[in-house]
Amino acid sequence: MHAPPPDPRHELASLTRGLKHAVRRAGHLGQRRARAGSASTLSNPGDPPEAPKPEDAPGPQASPPPEAPSEQAASPLPTSASEFPDLPSLREAVARCRACDLCQTRNQTVFLDGDGTAGILFIGEAPGQNEDEQGVPFVGRAGSLLTDIIEKGMGLKRSEVAIANVLKCRPPGNRDPEVTEKTACAPWLERQIELLDPQVVIALGRHAAGYLLDSDASLGQMRGRVRDWRGRKLVVTYHPAFLLRSPSFKRDCWQDIQLAMEVLQQGE
Ligand code: URA
(Lines give C-alpha, C1' and ligand atoms only; values in the text may rest on other atoms or scores of the structure.)
Protein backbone atom coordinates (compact mmCIF):
# COMPACT_ATOMS: atom_id res chain seq x y z
CA MET A 1 0.00 0.00 0.00
CA HIS A 2 1.22 3.50 -0.87
CA ALA A 3 1.01 6.31 1.69
CA PRO A 4 -1.25 9.17 0.55
CA PRO A 5 0.66 12.09 -1.04
CA PRO A 6 1.63 14.79 1.52
CA ASP A 7 -0.91 17.55 1.92
CA PRO A 8 0.78 20.76 0.58
CA ARG A 9 -1.11 22.82 3.20
CA HIS A 10 0.52 20.85 6.03
CA GLU A 11 3.92 21.24 4.43
CA LEU A 12 3.37 24.98 4.10
CA ALA A 13 2.29 25.31 7.75
CA SER A 14 5.37 23.44 8.89
CA LEU A 15 7.64 25.62 6.78
CA THR A 16 6.01 28.75 8.19
CA ARG A 17 6.55 27.54 11.76
CA GLY A 18 10.22 26.89 11.03
CA LEU A 19 10.63 30.30 9.46
CA LYS A 20 9.03 32.08 12.40
CA HIS A 21 11.32 30.23 14.78
CA ALA A 22 14.39 31.22 12.73
CA VAL A 23 13.31 34.88 12.64
CA ARG A 24 12.76 34.91 16.42
CA ARG A 25 16.17 33.36 16.98
CA ALA A 26 17.87 35.87 14.66
CA GLY A 27 16.16 38.67 16.59
CA HIS A 28 17.56 37.43 19.90
CA LEU A 29 21.00 37.08 18.43
CA GLY A 30 20.87 40.56 16.97
CA GLN A 31 19.86 42.08 20.29
CA ARG A 32 22.66 40.31 22.13
CA ARG A 33 25.21 41.37 19.56
CA ALA A 34 24.02 44.96 19.59
CA ARG A 35 24.38 44.98 23.39
CA ALA A 36 27.85 43.51 23.09
CA GLY A 37 28.93 46.38 20.84
CA SER A 38 27.96 44.98 17.44
CA ALA A 39 29.10 41.58 16.30
CA SER A 40 30.39 43.01 13.05
CA THR A 41 32.90 45.11 14.97
CA LEU A 42 34.06 42.16 17.02
CA SER A 43 35.01 39.63 14.44
CA ASN A 44 37.35 39.33 11.52
CA PRO A 45 36.89 37.03 8.55
CA GLY A 46 39.85 35.07 9.89
CA ASP A 47 38.45 34.65 13.37
CA PRO A 48 37.90 31.13 14.61
CA PRO A 49 34.22 30.20 14.55
CA GLU A 50 32.42 31.37 17.65
CA ALA A 51 31.42 28.78 20.21
CA PRO A 52 27.72 28.03 19.85
CA LYS A 53 25.65 30.47 21.87
CA PRO A 54 22.92 28.99 24.09
CA GLU A 55 20.29 30.18 21.66
CA ASP A 56 22.07 28.41 18.78
CA ALA A 57 21.78 25.12 20.56
CA PRO A 58 19.21 22.71 19.20
CA GLY A 59 16.03 22.13 21.12
CA PRO A 60 12.86 24.05 21.86
CA GLN A 61 13.11 27.75 22.60
CA ALA A 62 10.15 28.81 24.67
CA SER A 63 11.50 32.25 25.57
CA PRO A 64 14.73 34.23 25.14
CA PRO A 65 17.53 32.81 27.31
CA PRO A 66 18.49 34.84 30.38
CA GLU A 67 21.36 37.28 29.94
CA ALA A 68 24.69 35.58 30.62
CA PRO A 69 27.06 37.36 33.05
CA SER A 70 28.11 40.45 31.11
CA GLU A 71 31.89 39.74 31.10
CA GLN A 72 31.30 36.30 29.61
CA ALA A 73 28.65 37.38 27.14
CA ALA A 74 30.60 40.31 25.77
CA SER A 75 34.12 38.93 25.92
CA PRO A 76 35.80 40.04 22.69
CA LEU A 77 38.57 38.13 20.95
CA PRO A 78 41.93 39.89 20.71
CA THR A 79 41.85 39.02 17.00
CA SER A 80 39.08 41.57 16.67
CA ALA A 81 41.39 44.35 17.94
CA SER A 82 41.74 46.01 14.55
CA GLU A 83 38.00 46.70 14.56
CA PHE A 84 38.18 49.08 17.51
CA PRO A 85 38.41 52.62 16.18
CA ASP A 86 40.04 54.39 19.12
CA LEU A 87 41.89 53.84 22.37
CA PRO A 88 38.88 54.18 24.70
CA SER A 89 36.94 51.48 22.84
CA LEU A 90 40.05 49.30 22.70
CA ARG A 91 40.67 49.76 26.43
CA GLU A 92 37.11 48.74 27.14
CA ALA A 93 37.44 45.62 24.98
CA VAL A 94 40.71 44.65 26.65
CA ALA A 95 39.02 44.93 30.05
CA ARG A 96 36.55 42.22 28.94
CA CYS A 97 39.14 39.95 27.33
CA ARG A 98 39.11 36.31 28.40
CA ALA A 99 41.43 34.95 25.73
CA CYS A 100 43.84 33.24 28.12
CA ASP A 101 43.86 31.93 31.66
CA LEU A 102 45.35 35.13 33.10
CA CYS A 103 41.84 36.58 33.09
CA GLN A 104 41.04 34.22 35.96
CA THR A 105 43.73 35.54 38.29
CA ARG A 106 43.91 39.22 37.35
CA ASN A 107 42.38 41.95 39.48
CA GLN A 108 42.02 44.07 36.39
CA THR A 109 43.60 44.58 33.01
CA VAL A 110 46.41 47.12 32.63
CA PHE A 111 46.06 48.92 29.35
CA LEU A 112 48.03 52.14 28.96
CA ASP A 113 49.39 55.18 30.71
CA GLY A 114 50.09 58.55 29.13
CA ASP A 115 48.82 60.10 25.92
CA GLY A 116 51.88 59.54 23.73
CA THR A 117 51.89 63.12 22.42
CA ALA A 118 55.69 63.17 22.75
CA GLY A 119 55.82 60.50 20.02
CA ILE A 120 57.23 57.79 22.28
CA LEU A 121 55.74 54.46 23.28
CA PHE A 122 57.50 52.42 25.97
CA ILE A 123 56.61 48.74 25.96
CA GLY A 124 57.30 46.61 29.02
CA GLU A 125 56.67 42.98 29.78
CA ALA A 126 53.57 42.51 31.92
CA PRO A 127 51.85 44.06 34.91
CA GLY A 128 53.20 43.23 38.36
CA GLN A 129 51.32 43.29 41.63
CA ASN A 130 51.11 47.08 41.96
CA GLU A 131 49.99 47.47 38.37
CA ASP A 132 47.37 44.75 38.78
CA GLU A 133 46.03 46.55 41.84
CA GLN A 134 46.01 50.02 40.30
CA GLY A 135 45.30 49.25 36.65
CA VAL A 136 48.23 51.43 35.52
CA PRO A 137 51.50 50.19 34.00
CA PHE A 138 54.83 50.79 35.71
CA VAL A 139 53.72 52.13 39.07
CA GLY A 140 55.96 50.06 41.35
CA ARG A 141 59.68 50.52 41.98
CA ALA A 142 60.54 49.80 38.37
CA GLY A 143 57.90 52.33 37.43
CA SER A 144 59.56 55.01 39.61
CA LEU A 145 62.82 54.41 37.79
CA LEU A 146 61.05 54.62 34.42
CA THR A 147 59.45 57.89 35.53
CA ASP A 148 62.91 59.23 36.43
CA ILE A 149 64.26 58.20 33.03
CA ILE A 150 61.39 60.06 31.34
CA GLU A 151 61.26 63.15 33.51
CA LYS A 152 64.82 63.66 34.78
CA GLY A 153 66.61 62.07 31.85
CA MET A 154 64.51 62.98 28.82
CA GLY A 155 63.01 66.18 30.20
CA LEU A 156 59.48 65.06 29.34
CA LYS A 157 56.38 64.63 31.48
CA ARG A 158 55.43 61.04 32.09
CA SER A 159 51.91 61.91 30.91
CA GLU A 160 53.28 62.90 27.47
CA VAL A 161 54.72 59.49 26.65
CA ALA A 162 52.71 56.32 26.26
CA ILE A 163 53.49 53.27 28.40
CA ALA A 164 52.08 49.81 27.76
CA ASN A 165 53.02 46.16 28.17
CA VAL A 166 53.10 43.09 25.96
CA LEU A 167 50.64 41.40 28.35
CA LYS A 168 47.64 43.24 29.69
CA CYS A 169 47.17 40.89 32.66
CA ARG A 170 49.50 39.99 35.50
CA PRO A 171 51.07 36.53 35.38
CA PRO A 172 50.58 34.97 38.83
CA GLY A 173 53.57 35.50 41.11
CA ASN A 174 55.14 37.69 38.40
CA ARG A 175 56.37 34.65 36.51
CA ASP A 176 57.61 35.13 32.95
CA PRO A 177 54.91 35.47 30.30
CA GLU A 178 54.26 32.27 28.39
CA VAL A 179 54.45 32.18 24.60
CA THR A 180 50.76 31.31 24.34
CA GLU A 181 49.88 34.33 26.49
CA LYS A 182 52.02 36.67 24.40
CA THR A 183 50.49 35.32 21.21
CA ALA A 184 46.95 35.66 22.55
CA CYS A 185 47.52 39.22 23.77
CA ALA A 186 49.54 40.45 20.78
CA PRO A 187 46.66 41.87 18.70
CA TRP A 188 45.77 44.26 21.52
CA LEU A 189 49.31 45.66 21.56
CA GLU A 190 49.47 45.84 17.78
CA ARG A 191 46.27 47.89 17.69
CA GLN A 192 47.59 50.13 20.47
CA ILE A 193 50.67 50.82 18.38
CA GLU A 194 48.57 51.62 15.30
CA LEU A 195 46.30 53.97 17.22
CA LEU A 196 49.08 55.72 19.15
CA ASP A 197 51.22 55.95 16.00
CA PRO A 198 54.47 56.68 17.88
CA GLN A 199 57.57 58.00 16.15
CA VAL A 200 59.71 55.74 18.25
CA VAL A 201 58.98 52.60 20.20
CA ILE A 202 61.24 51.79 23.14
CA ALA A 203 61.18 48.12 24.11
CA LEU A 204 62.03 47.58 27.76
CA GLY A 205 63.68 44.23 28.42
CA ARG A 206 64.03 40.98 26.58
CA HIS A 207 60.37 39.95 26.64
CA ALA A 208 59.19 43.10 24.87
CA ALA A 209 62.21 43.26 22.55
CA GLY A 210 62.16 39.54 21.80
CA TYR A 211 58.46 39.66 21.04
CA LEU A 212 58.67 42.71 18.76
CA LEU A 213 61.74 41.45 16.92
CA ASP A 214 60.70 37.81 17.00
CA SER A 215 64.13 36.98 18.37
CA ASP A 216 65.58 35.16 21.33
CA ALA A 217 68.90 37.02 21.13
CA SER A 218 70.21 38.45 24.38
CA LEU A 219 69.25 41.98 25.28
CA GLY A 220 72.87 43.03 24.91
CA GLN A 221 72.71 41.93 21.26
CA MET A 222 69.43 43.71 20.56
CA ARG A 223 70.13 47.08 22.18
CA GLY A 224 72.46 49.89 21.17
CA ARG A 225 71.03 50.91 17.79
CA VAL A 226 67.99 52.33 16.11
CA ARG A 227 66.08 49.73 14.11
CA ASP A 228 63.50 50.06 11.40
CA TRP A 229 60.48 48.19 12.55
CA ARG A 230 57.27 48.08 10.54
CA GLY A 231 57.81 51.56 9.21
CA ARG A 232 58.69 52.94 12.64
CA LYS A 233 61.83 53.33 14.69
CA LEU A 234 62.52 50.89 17.48
CA VAL A 235 65.09 51.17 20.24
CA VAL A 236 65.69 48.32 22.66
CA THR A 237 66.98 48.88 26.16
CA TYR A 238 67.16 47.26 29.59
CA HIS A 239 64.06 46.78 31.70
CA PRO A 240 63.96 49.15 34.69
CA ALA A 241 63.52 46.18 37.07
CA PHE A 242 66.80 44.77 35.74
CA LEU A 243 68.46 48.17 36.21
CA LEU A 244 67.35 48.20 39.85
CA ARG A 245 69.22 44.92 40.33
CA SER A 246 72.17 45.81 38.12
CA PRO A 247 72.66 49.58 38.25
CA SER A 248 75.94 49.40 36.33
CA PHE A 249 73.84 48.93 33.15
CA LYS A 250 72.17 52.33 33.60
CA ARG A 251 74.88 53.92 31.49
CA ASP A 252 73.98 51.67 28.52
CA CYS A 253 70.32 52.40 29.06
CA TRP A 254 71.01 56.10 28.96
CA GLN A 255 72.85 55.69 25.65
CA ASP A 256 69.79 53.89 24.22
CA ILE A 257 67.45 56.60 25.47
CA GLN A 258 69.62 59.22 23.80
CA LEU A 259 69.32 57.31 20.52
CA ALA A 260 65.55 57.46 20.87
CA MET A 261 65.68 61.18 21.54
CA GLU A 262 67.79 61.71 18.43
CA VAL A 263 65.08 59.96 16.42
CA LEU A 264 62.51 62.35 17.86
CA GLN A 265 64.63 65.38 17.07
CA GLN A 266 65.18 64.21 13.49
CA GLY A 267 61.44 63.86 13.08
CA GLU A 268 60.68 67.41 14.24
N1 URA B 1 57.14 45.58 34.67
C2 URA B 1 56.60 45.65 33.46
O3 URA B 1 57.14 45.11 32.49
N4 URA B 1 55.48 46.31 33.31
C5 URA B 1 54.88 46.93 34.29
O6 URA B 1 53.85 47.54 34.06
C7 URA B 1 55.46 46.86 35.56
C8 URA B 1 56.59 46.16 35.74
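A polar contact is a pair of N or O atoms within 3.5 Å. The views below come from a predicted model.

**View 1. Polar contacts between the ligand and the protein.**
An N or O atom in the side chain of His239 is 2.8 Å from an oxygen atom of the ligand. Two further pairs involve the protein backbone. A backbone N or O atom of Glu125 lies 2.7 Å from a ligand oxygen atom, and a backbone N or O atom of Ala126 lies 3.0 Å from a ligand nitrogen atom. The ligand taken alone exposes 230 Å², of which the protein buries 91%.

**View 2. The shell of residues around the ligand.**
Around the ligand are Gly124, Glu125, Ala126, Glu131, Pro137, Phe138, Asn165 and His239. Sorted by class, this shell has three nonpolar, three polar and two charged residues.

**View 3. Helix α10, residues 250-267.**
The 18 residues of helix α10 should span 26 Å at 1.5 Å a residue, and the end C-alpha atoms are 26 Å apart, so the two values agree. Buried in α10 are Cys253, Asp256, Ile257, Ala260, Met261, Val263 and Leu264. These residues lie on the same side of α10, because they cover an arc of only 150 degrees around the axis. Arg251, Gln265 and Gln266 are exposed on the other side of the helix.

**View 4. Tyr238 in the loop between β5 and α9.**
Strand β5 covers 232-237 and helix α9 covers 240-245, with Tyr238 in the loop between them. The relative accessibility of Tyr238 is 9%, so Tyr238 counts as buried; the cut-off for buried is under 20%. Ala203 is 35 residues away from Tyr238 along the chain, and the C-alpha atoms of the two residues are separated by 8.2 Å.

Most residues other than glycine have a negative phi. Asn174 is not a glycine, yet has a positive phi of about 60 degrees. The loop that holds Asn174 runs between β2 (162-165) and α6 (179-196). With a relative accessibility of 43%, Asn174 counts as partly exposed. Asp197 also has a positive phi, near 50 degrees, and is a residue other than glycine. Asp197 is in the loop between α6 and β3 (200-204). At 52% relative accessibility, Asp197 counts as exposed, since the cut-off for exposed is over 50%.

**View 5. Arg191 and Thr183 in helix α6.**
Helix α6 contains Arg191 and Thr183. Arg191 has a relative accessible area of 13% and is therefore buried. The Arg191 side chain reaches the backbone oxygen of Phe84 at 2.8 Å. Thr183, by contrast, has a relative accessibility of 53% and counts as exposed. A separation of 9.1 Å lies between the C-alpha atoms of Thr183 and Tyr211, which are 28 residues apart along the chain.

Conventions:
Residues are numbered from 1 along each chain as its sequence is written. This is a predicted model: local features need pLDDT of at least 70, side-chain atom pairs count only at pLDDT 80 or more; totals for chains, interfaces and linings use all residues. Side-chain values use heavy atoms; hydrogens and water are left out. A residue is near a molecule or strand if one of its heavy atoms lies within 4 Å of it. A polar contact is a pair of N or O atoms within 3.5 Å; within protein, one must be able to donate a hydrogen and the other to accept it, and residues adjacent in sequence count only if both atoms are side-chain atoms. Accessible areas come from the Shrake-Rupley method with a 1.4 Å probe; for residues, only the protein chains shown count as cover. Ala, Val, Leu, Ile, Met, Phe, Trp, Tyr, Cys and Pro count as nonpolar, Asp, Glu, Lys and Arg as charged, and the others, Gly among them, as polar. Helices (H or I, at least four residues) and strands (E, at least two) are DSSP runs, numbered from the N terminus. The expected span of a helix is 1.5 Å times one less than its number of residues. Buried means under 20% relative accessible area, exposed over 50%, partly exposed in between (1.4 Å probe, protein chains only). The arc is that of the directions from the helix axis to the C-beta atoms.
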